[in-house]
Amino acid sequence: RKEIEKQKMLGMTSLFKLKILKQYVFRNTKPAIFGVKVEAGKLIPESFLIDENGEKIGRVKNIQSENKSVSEATEGMEIAISVPGLNVERQLKDSEFLYSDITSNQLKTLQKNKDLLTSKELQILKKIAEIKKFNV
């Protein structure tokens with residue numbers, strides 16, 4: 001029941017932190033395809049990405065694990081993602097991590113329902129709030 005409530009609350013948003021695997025850049029642009037490791041949370045297609053500086057990176061178009069498209073990637077998975085309109089060398093050269101891009105309204109909703117989040121998801125939420133300079 002808790003998981004169902006959490007899904008409703010998150011809507012189409014998912015909280016995640018991705019570590020960029022710089023040694024796995026399969027295509028630099030159109031769309032950029034590169035490897036990431038899900039450090040925490042859950043990544044789903046159509047998720048929007050920001051870097052550590054709050055810069056908008058783009059939208060995840062597709063997620064692949066072992067050459068097969070997957071509908072979600074969970075903590076610990078190493079996957080390839082495709083992001084249209086991104087130039088990996090130019091836009092990600094100084095970045096180590098990517099985070100989910102959430103609005104201030106989504107942040108407020110998530111904070112009101114903290115009891116539904118894991119401790120790692122709460123840490124990600126706090127970090128995203130810091131990056132985007134939301135009031136926590």
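The following legends describe close-up views of a predicted model.

Local features are reported where pLDDT is at least 70 and side-chain atom pairs at pLDDT 80 or more, while totals for chains, interfaces and linings use all residues of this predicted model. Residues are numbered from 1 along each chain as its sequence is written, and side-chain values use heavy atoms, with hydrogens and water left out.

**View 1. The loop between β1 and β2 holds K30 and P31.** Strands are DSSP runs (E, at least two residues) numbered from the N terminus; here β1 spans 16-27 and β2 spans 32-43. A cis peptide bond, with omega about -20°, joins K30 and P31. Phi of K30 is near 50°, a positive value in a residue other than glycine. K30 is exposed, at a relative accessible area of 74% (buried is under 20%, exposed over 50%, partly exposed in between; 1.4 Å probe, protein chains only).

**View 2. E66 occupies the loop between β5 (62-65) and β6 (68-69).** Its phi is near 50°, a positive value in a residue other than glycine. With 72% relative accessibility, E66 is exposed.

**View 3. The largest nonpolar core comprises 20 residues.** Such a core is a set of buried Ala, Val, Leu, Ile, Met, Phe, Trp, Tyr and Cys residues joined through side-chain atoms within 4.5 Å. The residues with the most contacts inside the largest core are L18, F34, L43, L49 and I81. Two or more residues come from each of β1, β2 and β8 (78-83), and β2 gives the largest share, five residues. Beyond its neighbours within four places in sequence, L43 is in contact (heavy atoms within 4.5 Å) with residues including F16, L18, V60, I63, I79 and I81. A second, separate core has 14 residues, among them I50, I102, L107 and I131.

**View 4. Strand β8 is antiparallel to both β2 and β5.** Strands pair if DSSP finds at least two bridges between them. Six bridges join β2 to β8, and I33 has S82 of β8 as its bridge partner. Between β5 and β8 there are three bridges, with I63 opposite I81. Five of the six residues of β8 are buried, so the strand is largely enclosed by the rest of the structure.

**View 5. The charged end of K17 sits over the ring of F97.** The distance to the ring centre is 4.3 Å. The criterion requires NZ of Lys or CZ of Arg within 6 Å of the ring centre and within 35 degrees of the ring normal.

Technical notes. Helix = DSSP H or I, 4+ residues; strand = E, 2+ residues; numbered from the N terminus.
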